[in-house]
Amino acid sequence: MAKDTPPRWDRRMQQRLSRGEAAALGELYDRFASLVHSTAYRVLDDEEAADRVTREVFGYVWENPDAYEPRRDGSMRSWIAKLTRRQAVHRLRQAETRAQLERGGGGAEDAEELERKVRRAAVSARADFIVRSMPTPLRLALESAYLQRRDYRQTAAELGVTEDEARRRLRLGLQLLATANTGPLDGRAL
């Protein structure tokens, strides 16, 4: 399959949403609601705000299915995750700015602190998405090495692969995770 050809499910879903099929929105919600909500919660650290972002993201997708451009956005999952991060960062900025104004702040130091907080939240959400989206063998190797505090030899034994393969999986997993900090910080609203 060509790189610029979206998966069949993504194409069909976009077509169904464009026709206004409510069942398509339900199916999309069932598939991606946990991704959207957990990403929003990771950024906002507020259940109610994460619920609001979840509604906003699915509302946007319902009203603008043609905004999804597979060549630009990749998979529908990636596009929805990007919309979620963007909206959650936007909401975080709004909430923090409002809180600063209520405290009587709003100076340069407050603005810098806000940007640091937004950056940390966005990078954290992106890293979370990367880990959940990476191929299972890479994710299992990283979980073994970092969550269970195993070295590459122990990881290889646990996974039933050679030491070289365990090192390769760990290296590739870390390379993917390293991209979490290099993505653009986009706090625009949907």
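Predicted model: local features only at pLDDT ≥ 70, side-chain atom pairs only at ≥ 80, totals over all residues.
**Trp 9 and its surroundings**

Leaving out residues up to four places away in sequence, I found Glu 27, Leu 28, Arg 31, Phe 32 and Met 76. Trp 9 itself sits in helix 1, which covers residues 8–18. I then checked the link to Glu 27. The side chains of Trp 9 and Glu 27 are joined by a polar contact of 3.1 Å. Next came Met 76. Met 76 lies 67 residues from Trp 9 along the chain, yet their C-alpha atoms are 9.0 Å apart.

**Helix 2 against helix 3**

I turned to helix 2 (residues 22–44) and helix 3 (residues 47–63). Their axes come within 8 Å and cross at roughly 140 degrees. The crossing of helix 2 past helix 3 is right-handed. I listed who makes the contact. From helix 2 there are, among them, Leu 25, Leu 28, Phe 32 and Val 36. From helix 3 I noted several, including Val 53, Val 57, Phe 58 and Trp 62. By type, the residues of this contact are 17 nonpolar, two polar and two charged.

**Asp 128**

My last entry concerns Asp 128, in helix 6 (residues 108–133). Its relative accessibility is 24%, so Asp 128 counts as partly exposed.

Note on methods: Residues numbered from 1 in each chain as written. Heavy atoms only, no water. Axes fitted to C-alpha atoms, helices over the stretch in contact; angles between N-to-C directions. Helix = DSSP H or I, 4+ residues; strand = E, 2+ residues; numbered from the N terminus. Left-handed = near helix turned anticlockwise from the far one by under 90°. Contact = heavy atoms within 4.5 Å. Nonpolar A, V, L, I, M, F, W, Y, C, P; charged D, E, K, R; others polar. Buried < 20%, exposed > 50% of the residue type's maximum accessible area, 1.4 Å probe, protein only. Polar contact = N/O pair within 3.5 Å; in protein donor to acceptor, adjacent residues only side chain to side chain.
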